[in-house]
Every structure is written in C-alpha cells, then in structure tokens.
Amino acid sequence: MSRYLLFILLCITSVAFALTPDDCLFYASFDDGLDAVQAKGARNAAVTGQFAREPGIRGQAVVVGAPDTRLAYQTRDNIRLDAGTLSMWIKPLTWSDDDPFMRVFFCLNDSGAPTQQDGGTFCWLYHFWRNTDYFLVWDTRPISIVTAPDPKLVGHVLQQGQWTHLVGSWNGDDMRFYVNGQWQSTLRMPNPRLLRSMASEFTLGEFNRANAADTALDEVRIFNRALTAPEVEALYHFSLQAEPAQEQEVTATPLTSARQVRVEVTAPAASPSTAAEYSARVSLQHVGQHTVLQTATATFTDLPHVSVDFSTAKLAPGNYRAVSTLLYKGQEVAVQEAPFTVHAPPAWLGSKIGITDDNTVPAPWTPLKADRRAKMLECWGPRRVGAGLLPTALSTAGHEMLASPMTLSGTVNGYHLKTADPKLTWGQTAPAKAIYTATARTGEVLVSTRNVLEFDGLLWITLTVRSTGPLRVDNLMLDLPLRADIATLMQVPNNFRETGFVHPWHGRVGAGTQIWLGNEDGGVQCTIPTAKNWLNIDRAKQLQILPDTNGCVTLRLNLVDKPSTFSEPITYEFGLQLTPVRPHPKGWRMWRIANPDLVKQGTLFSLFYTEGWAKGTSYPIPGPGWEQRINANAAKGSPATLYFQPYSIWSGIPDYAQFASEWRLTTRGVPPPADPNANPISFMSLCPRAHSWSDWFVSTFVETMATTNKNLLWGSTYFDNVSPNACDNTAHGCGYRDEYGVMQQEIPFQDYRIVQKRFYTAMQQRYPDRLMFNHSSGFSNMTQLAFTHGMIDGENIGGPLLLQEKCSYANILTLDRMRAEYMGHNFGFVPIFLTEFNSASGGDMELGRYFVQTEPTEVMHVVGLLMLHDILPWSAYCNSEPFYRWWAVQDAFGWGDEVEWQPYWKNRDFVTLEPSDSNIVCTLYRRSGKVLVVVMNNTDIDREITVQLNFQKLGMKAPATALDAWKATSCDYVDVYCDAKGILQAAPKPGHTSGVEERLPITNGHITLPVSKRNFRLLLLE
C-alpha cells in the first residue's frame, strides 16, 4: 500500500483530524522518484541534472543543491494564491545553521515582468546567512514580510545530520512560520493578499551558493488553506489526530498619543472565502467588573481578522479588559478577553531637550542670510539658493550647479502650465530657517510651492497643484538641469553598481528615494519620501538621469505621465540638500579605530565593542559589568563609543507596552509583547514620525547620562542601522493607497532628520567635545548626516557580494565609485571604511588567509584606495598590520589638520605618471617641506611606473632620493594565528613589523619604480 493511500485512509477513518485528502494540493514523498505522489495539478517533475536520493525522515529523500540542477513543478492547481500551507522536512548533510551560504528549499517567483498593480510576488523558504532561516514573501514594490524562528523557542534551527520540520502558511494577508511543530512568528502584509501572482512553476532546493549537493528534502506537502497550530503539530508528529484549534485570538494595544486602544480579533480557522461569515462583538470593561464602558460590533471582510478602535480619552489610569464574542453565521462560538492598561502620561512625553528655536544655529554652521531684493538665500560655506517657484540657483563649494533654473512643465485641464515670473511671498527669515512661498497661475490652475531652507543647506519643497474643479492631468514633470562639468558623479543609495560616473539611468521612487549628483567638491542630493500622486505608465521610469551633449545633466521627476483625473489638489514633497553638509571637525585625521595598547597618538576609538553594553537596544543603562569594562578601557586612553540603534526599540524598556504600537512601522497585527528579559540586542524597528519616540530617545539619553551613568567614562556615540525604514503605519500618518488600492509605504525623511538633529543638538549643548558616528552602509542620507561627525560605510558590499567576487574589491570599489560614495570630502562628514573580508569568507581557510598573511593583495588594494581618497580605515575583519603601519607612517610624517591633501584628479601641476592610464594614479600629502606620495596601480597587471614631480611648484628643493616610507616603518599590530584545527585564535602578544630602509634615486625629477597589481607604493620626499 502506498504511503499516500495510507494517508487517505487515515484521514477518512480519523474523526478528530481536521484535514481531509482534498486539503492536500501537492505531495512529494521522493520514495519512488521525483514526481509528486499526489497533486491536484500536474504531478510530473521538470528535472535538470541528476539528483541522488538517500534515507529520508520516512522512506527516501532527495538530495539537492548540486551545480546545474533544477527540480520544478507546475503551480497551476497545486498552489492557491489566497491561502495555503507549505510543509517540508530538511536535513543538512554537511553544514549547520552557522554556515554562511544561502540555500533555498522552496522558491515561488513572480509571473514575469512587474505589473503596474504591484502584483508580482516572491515566496521563499530558505537559509540566508548564519543562523537566519526564513519564510519570506515580498512583492515588486518591494515590500518584504519575513517570518523567522523565535530565539526564545528554538536555538539553532538546522543541524548537520538532523531532520527539521519547517512549515510556512499564508492566509489572505496573514503569514505564519513553524519549526518542529511549534509556532514561531506571525506577520501581515499591508494588502489583502500576501500572494497576488506567481510563475508557472515552483522549485525545490535551488540557489545553493555552496555549489554542492549537501541538503536532503523530504515529505513536501502544499495545502489549500492555512493550517491551524494543532494541525501543524500533528504533521510534525506524523499523527492525523489534532486538537481543536483556538477559535479566536484577541489583543488590545494602547495607542497612547492618540488616546485610543486598538482591539484586534483573529479567527485562525477563517479563510478569505469564509471570513465574511464571522463577526466580533467587542466591549471595554474594568478588570474584575462587568459594566460595559464602550461596545462595538465589527464584521470580517475577506481577511481572518478585524480591529476596533476605542477612545481612552475619558478613561482614568488603571487596568481594563477588552472582551470579544466571536460569532459565526450569527452564532456565538467563543468568548475571549485581553487585558490592557491606561497609563498616566510619562514625564518624558513632550520633552523639549535638544529642541532649539529658529534663532539658534548650532556649531559649526553659521546663520542664514536673505537678500529679498535679489531673491537669494545664503547659508554656511557659502551655499546659495535662488528663490522662485522652484530654485533658480543652487551654489555649493564655490560652484553654481544649475545650468538653468529648475522647471515644472505639463498639461493640466488642457493648459500648458506657465510658471515663469511667479508671485513670491516671504515668510520668516530667521538665522536657522527661512520660509517663502511662490505661486503661478495658468487659467484656473494654480501651482504653488512652500520652500523651507535650513542652516545646513537643506531646501524642502512642497509643490501643490489645484483648480476650482477636478484636475485632468495629461502629464507633469520636474526637471533639475545641472551643469555637466559639475555633475560628473552620481550616487544611488543601496545600489553600488549604479554609483560612480554619471550615466543614463532610470528608477522608481517606491517608498522613498535619494539621488546625489555632483563632483569631488560637492553636489546636491534629491530626497523624495513618497510616490503618492505619482501616476506613471512605467513606474521604473519615475526618475531619470539624462546626460546630454549640451553641457547639461538633467535629473527628471516624472510625476504624471499617465493621463489621470484628481478630485482633490495634488501635492508632492521633495528635498534638495546641498553638500558638503558640514565642515570636517578639527583633529579628524587623527581619529583611529585602534588598540590603545599599540597606538598612542591620536583620538582612539573601539567603535563596535560596546554592542550589547546596555540592558537593551537604545536603552542607555549599562548591563552587568559594563560600567567597569567601559571605564577600564577609558583608563587606557580609549573612551567608549556607546552603541545605539536609534530607530529600534527593545521590548524590555518600561514604556514599551504603552508606546510600541505607535512607534512601529505598521498597524498590521500587534507588536511583540513586552519582555524585560529579552535579549539586550533584540529589537523592533520603528518609525520616528510618532514624535513621542524623539521625546523618549533624546530625553532618556540625557537624563541617564546625568544620573545613572554620571560616572560612566564614555567618549562618543555610535548610531547603527540608521538607514530610514519604510513605513505604512497610518496611525501616525505614513502610508497611502495608490490608484489600484494597493497600500504603499513611505519614508518620512524629515522625521528621521528631527531625531538625529535633536540628539546632535543635545550633545552639543551638554558634551561639545564628544563625537557622533553613524553607520549606514550604502545609504548616505544627507538629511541626517549633517548631524553627525563621521559615517561608517562598506558593510553593504561585504558578505555574499564580496564572496562572489572571491574576496576582492577590485570590481566593487572602482575609483569613480570611491569618489561618488566613500570619500566624504564632497559630503562633509568624515568617512570611515569598514572592510569585510572575514565576514565574506566561506570557511576557516579563507578566514585564516586574510588574518594570518600580513599583506594579502586584496587587503593592500583596499588600503591603497583609502590612502588615495583620504578615508579613515576601520581595521576590522582582516589582518590589521597594514592599518597599524599606515598610522605609523602618518606619525613619522607628522599628521593632522595642517596636512594638505592633493588627490590624483587635481594635482597635475605637481605630478605626472607614465604610463598614462586612468587606473594608475598618484595622490600627494604635503606639510612643511615634506611630501608623502601614494602611487597606486589599480590594474590587474604588475607595472613599472615613472613618477615625474614638479618640485618647484611643490615649493621644495629636489631631493636626491625618495624613501620608501612603507618599507621603512616599524609597527606593532593586533595578531592572530590558526591553531592545529585551523581555527583562528588571538595571539598572546602583538605582532611586530620591523622597517627596512630603502631609497629610490630621483633623476631629473623622475622616480621609476615597480608597483604590483592592485597595490601601491608609498614614498617620502623631504
């Protein structure tokens, strides 16, 4: 008797089990081959390559992951979009959960090209990175919903040689994940369906980045509905008898600032096709009493849950309960309650710490100046903005950027818009902020802008188009025309491949977008927080960069190119941030992320070692033993850089239960429960548009530093994970429905700026000598980064990406990308680069190579790039010797603010190179009669390079020889070694490099020297 027939018989004869044979759409046992044993659609497997089998959890299993193999099945009738459950058993054969290679066990991709309705969907069950196992859904916007194991319920999910049962379910907008029969997490999509389209096939066991047949899969089942928790547990035990499911789940979540409580009722057994037959009668009562204070009845639609908001404005502080009576077809089926507490407002709510008036300009900026007659505004630098309907001038770093005034064009209500000679109305022109409005009329169509310029060079523009009746918009387009000789570089956040030299480009606004255009001296970043009211034939071309042959590079904002009618005025927001956003702080070149026992000069930091220092993420109270550890490090000369995640919240803070719901990124479902025993570095991402977060975060830091932490010897702060989150929490004003009714997320850049600016101001007021660092690799958000001193970048191009490049940055960090993202001089904040060699390495042998070898080519390549571009290194994740040697060279040379940096693209008066090659370059550092010469061979061929120096223009007498400063320098460095098992261990003593003097002859100003591929030579002239 086949196992599936036995399954059918057991289902028929078992009266307690909720499943029937019709519930199972697809079943592959792999006992007799790769075809499915049973399927509502096609059973046949589409097979590429050879698949081995081995003993399974029952019968036989299939071994997947080998190169050039593919195992696919048809989706038609085997998967339902509205609801379903995926169940499978997985056994790693040669790996465990701490393995870094991605492995995808189930893959359902979208149906092809993204639709304008954002219908494309991806659904994966996979192991992503070390100890990260996910059931994931995301769509073409992209919005991702990731359900993951709960660390309190399960530790390492996948263990070598052990079978693990993974289950993922979807039910309308609801998604759940189970491990070995235990529920782990639940999340929701902001739209009624998680899955809205799919390809014709799904695959099992592909995308193995280890390129090895190393994973066994067995007992793959797909069901036509979301199984209940008891049914999932039954599957795990191979039992067909399940306990009855819980009829309803009830939660009551305070929305404190809104003075409301949200009661959510979920019927787990409801599906999209049956949910409308349910309703919930909900009442509010005091705990222990039955007097009904408020009541409401809500009917389910096509979702398995419904919510009701009650006002708490007239409720006295105290304990209450929400009581829900669930009805099915009008009949009561369950009664359940959820407690909640109404709190008195906390003392920090409404705090003014760090908030200044518009007459106060913090250091290092200068007050704004306004010339109303000339219609010109000026802030520090100077940076200038020409006031009009849209900017008529944008000047930074001594350059006028605009080739011509910014323009709005389009056809509205049959009129071609005329926006010349607008009416300008001045509002305030205070030292910190200037406001003006401009209007232009075409027939009954009125276009207006509200323009706000702040002291750091951020111009925020709100554009509104209105009429006496409906707006019939054929097209609407904004053009920012920049001079081609100024806009030579571009930066697209989180897209390093599009960052570098200016080139034709197009992209989507999505939840928020930032594009920077400029050169090595400065530029302008355009920030767009939302695509609301952007209506486009092709959303992938909402933004365009259009270089032309007339000396102009145009950034085009295609607001509307699909004829549309609006019943209300339409509004668009965007910011133009001039860069640099600030000057570098004094002494910045002497910042060193180094061991204080080995480096004695400069300002020393240990940036990351304080992760986990506090009782919880962003809750600034030291955990056990941390004050002693921090103070001991300070005694060595390296005061702590306190680690924060300023847009994340730990579930253990005293105010979590009261405010978590209004701080989070969505109104879907409920936030994780308060847990004072939660892991200190666990967190929930949040949105700062709820301004109570700014009140809590800034005032808590200031108050604890003055009281609880008054004896803590800290030196700076480190903000991690500061890249803005996309949000659709309508409770605080984020998110909107587009023209298709699809919920879209937004990024409230202005609110992230408020938190950063407020914290920075509070620090300047109380601790003006302390520094702030941001870590936002791949996302240079200039609206925030004005209010920090240094920015750490590079982590986003490590990990799997660097692994794909065989641990070489050669194809990642091109010279133009270095100048367009990582250099910092054109942005204002101090750049710090974080290497990622060992986090990208696939095993101990590779790890050992980058740690134990003193100067691997790949590491030296990065060191040379940092030298060329005047970037500070973070000596992490590789052998530290080159970084300590670079610091020793600096000390011998004499390093600091007085050093003049002359980069390779603007020093032709001083130095020329042979052969002439854009990847053979030379940067100079000068001070008081000495020159440090960095010659870089950024090619893949060893080269002999001749350096010709103009000593007269360098202001020095030609020396007879040049000292090889790199070889001549001695240093100590943090050392490691590989033990007999190949495991890296910290060496008991520091490593040491002894310098050897080598001089190169200078003949008629020429120095000829060999430079190996992707490497550099460092010469001292004096």
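Which residue takes a positive phi in the hairpin of strand 12 and strand 13? The residue is G172, with phi near 65 degrees, in a hairpin that has two residues between the strands. The legends below describe a predicted model, in which local features need pLDDT of at least 70 and side-chain atom pairs count only at pLDDT 80 or more, while totals for chains, interfaces and linings use all residues. Residues are numbered from 1 along each chain as its sequence is written, and side-chain values use heavy atoms, with hydrogens and water left out.

View A. Strands here are DSSP runs of E with at least two residues, helices are runs of H or I with at least four, and both are numbered from the N terminus. In a regular strand the side chains alternate between the two faces of the sheet. In strand 12 both faces are covered, with T164, L166, G168 and W170 on one side and H165, V167, S169 and N171 on the other. Strand 7 (residues 83-92) runs antiparallel to strand 12 and is joined to it by eight bridges, pairing being counted when DSSP finds at least two bridges between two strands; within this pair, S87 has V167 as its bridge partner. Strand 13 (residues 174-179) is likewise antiparallel to strand 12, with six bridges between them, and D174 is the bridge partner of N171.

View B. The strands follow the order 3-6-15-8-9-10-11, and their pairing is antiparallel. Strand 3 (46-48) and strand 11 (144-147) form the edges, each pairing on one side only. From one strand to the next, the twist averages 20 degrees.

**View C. Cysteines without a disulfide partner.** When a disulfide is taken as a pair of cysteine sulfur atoms within 2.5 Å, the count comes to zero. For C123, the closest cysteine sulfur is that of C107, which at 8.8 Å is too far for a bond; C123 itself is buried, at 2% relative accessibility. For C552, the closest cysteine sulfur belongs to C526 and lies 15 Å away, again too far for a bond, and C552 is buried with a relative accessible area of 10%.

**View D. The surroundings of L463.** L463 belongs to strand 34 (residues 458-466) and is buried, with a relative accessible area of 0%. Setting aside residues up to four places away in sequence, L463 is in contact (heavy atoms within 4.5 Å) with L408, V447, S448, T449, L478, L559, I570, T571 and Y572. Of these, Y572 is 109 residues from L463 in sequence, although their C-alpha atoms are 5.1 Å apart.

**View E. Helix 4 against helix 5.** Helix 4 (residues 656-663) and helix 5 (residues 692-706) pack with their axes 10 Å apart and at an angle of about 130 degrees. This angle makes helix 4 oblique to helix 5. The contact is made by F659, E662 and W663 of helix 4 together with S692, W693 and W696 of helix 5. These residues divide into four nonpolar, one polar and one charged.

**View F. The enclosed helix 9.** Eight of the eight residues of helix 9 (residues 815-822) are buried, so the helix is largely enclosed by the rest of the structure. The buried set consists of L815, D816, R817, M818, R819, A820, E821 and Y822. After helix 9 comes G824, whose phi is positive, near 90 degrees.

**View G. T835 in a loop.** The loop that holds T835 runs between strand 57 (830-834) and helix 10 (837-840), and T835 is buried there, with a relative accessible area of 1%. Apart from neighbours within four places in sequence, T835 is in contact with Y809, V862, W874, A876, Y877, C878 and F883. P244, by contrast, is 591 residues from T835 in sequence and 53 Å from it in space, C-alpha to C-alpha.

How values were computed. Buried < 20%, exposed > 50% of the residue type's maximum accessible area, 1.4 Å probe, protein only. Axes fitted to C-alpha atoms, helices over the stretch in contact; angles between N-to-C directions. Parallel < 35°, antiparallel > 145°, perpendicular 65-115°, else oblique. Nonpolar A, V, L, I, M, F, W, Y, C, P; charged D, E, K, R; others polar.
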